[in-house]
Amino acid sequence: CRAAAKVLQLIQPLADQVRQVLSRSIVAMAVAILAAVVGIVALGFFAAAVYLLLEEVLPPAAAAAATGGILLIAMIALLLIARSFMRPPPVPQQVAEPDRPPPSSEFEMLFRLAEQVAPQVRRHTPLLAGLTFAAGFVLGLKPEARRAVWRAATKRR
């Protein structure tokens with residue numbers, strides 16, 4: 001009997017802590033669900049507004065298809081972002097870099113920059129893929145955007 005009382009006495013603070021964390025988690029989850037419901041309603045109103053805006057310049061079927069396509073692209077981008085957060089972060093490895101002389105050419109400088117950026121690119125691949133897709137989509141739709149990118153890329157310094 002004394003051993004059981006001693007065990008209960010040791011476990012009691014831990015049980016209180018678990019109860020507190022659990023009750024906070026339940027409240028946070030309820031608020032998150034409420035926020036999701038409000039977000040879905042807001043998204044419905046946004047989709048209706050986009051549809052009504054497009055209906056002025058397109059036939060109703062095309063306006064509905066365009067609205068659905070916009071929402072589908074938004075859903076894919078959000079899923080890619082969510083997927084990148086679901087992966088556990090990689091454990092950073094500290095590698096002692098030997099002292100290198102300064103880069104002697106632009107190619108070597110670009111190569112060193114790529115070495116420094118590569119871990120971040122690997123870590124955020126889904127997000128970068130979604131952003132690249134969105135940029136390609138915008139460049140495909142807007143000739144002005146294509147011209148602006150072309151001017152920026154070919155600008156002489």
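Reader: Is the crossing in which α1 passes α2 left-handed or right-handed?

Author: The model is a predicted one. In it, helix α1 covers residues 2-55, and its axis comes within 9 Å of the axis of α2. Where α1 passes α2, the crossing is right-handed.

Reader: At roughly what angle do the axes of α1 and α2 cross, and what does that make α1 relative to α2?

Author: The axes of α1 and α2 cross at roughly 140 degrees. Roughly antiparallel would need an angle over 145.

Reader: Which classes of residue make up the contact of α1 with α2, and how many of each?

Author: From α1 the contact takes L43, A47, V50, Y51, L54 and E55. From α2 it takes P60, A63, A64, A66, T67, I70 and L71. By class, this gives eleven nonpolar, one polar and one charged.

Reader: How are α2 and α4 oriented to each other?

Author: Helix α2 spans residues 60-86 and helix α4 residues 125-141, and their axes lie 7 Å apart. The packing angle is about 160 degrees, and angles over 145 count as roughly antiparallel. The orientation of α2 and α4 is therefore roughly antiparallel.

Reader: What is the handedness of the crossing of α2 and α4, and how do the contact residues divide by class?

Author: The crossing of α2 and α4 is left-handed. Its contact is made by I73, L80, I81 and S84 of α2, with P126, L127, G130, F133 and F137 of α4. These residues divide into seven nonpolar, two polar and no charged.

Key. Residues are numbered from 1 along each chain as its sequence is written. This is a predicted model: local features need pLDDT of at least 70, side-chain atom pairs count only at pLDDT 80 or more; totals for chains, interfaces and linings use all residues. Side-chain values use heavy atoms; hydrogens and water are left out. Axes are lines fitted to C-alpha atoms, for helices over the stretch in contact, and angles run from 0 to 180 degrees between N-to-C directions. Helices (H or I, at least four residues) and strands (E, at least two) are DSSP runs, numbered from the N terminus. Angles under 35 degrees count as roughly parallel, over 145 as roughly antiparallel, 65 to 115 as roughly perpendicular and the rest as oblique. A crossing is left-handed if the near helix is turned anticlockwise from the far one by less than a right angle, and right-handed if clockwise. Contact means heavy atoms within 4.5 Å. Ala, Val, Leu, Ile, Met, Phe, Trp, Tyr, Cys and Pro count as nonpolar, Asp, Glu, Lys and Arg as charged, and the others, Gly among them, as polar.
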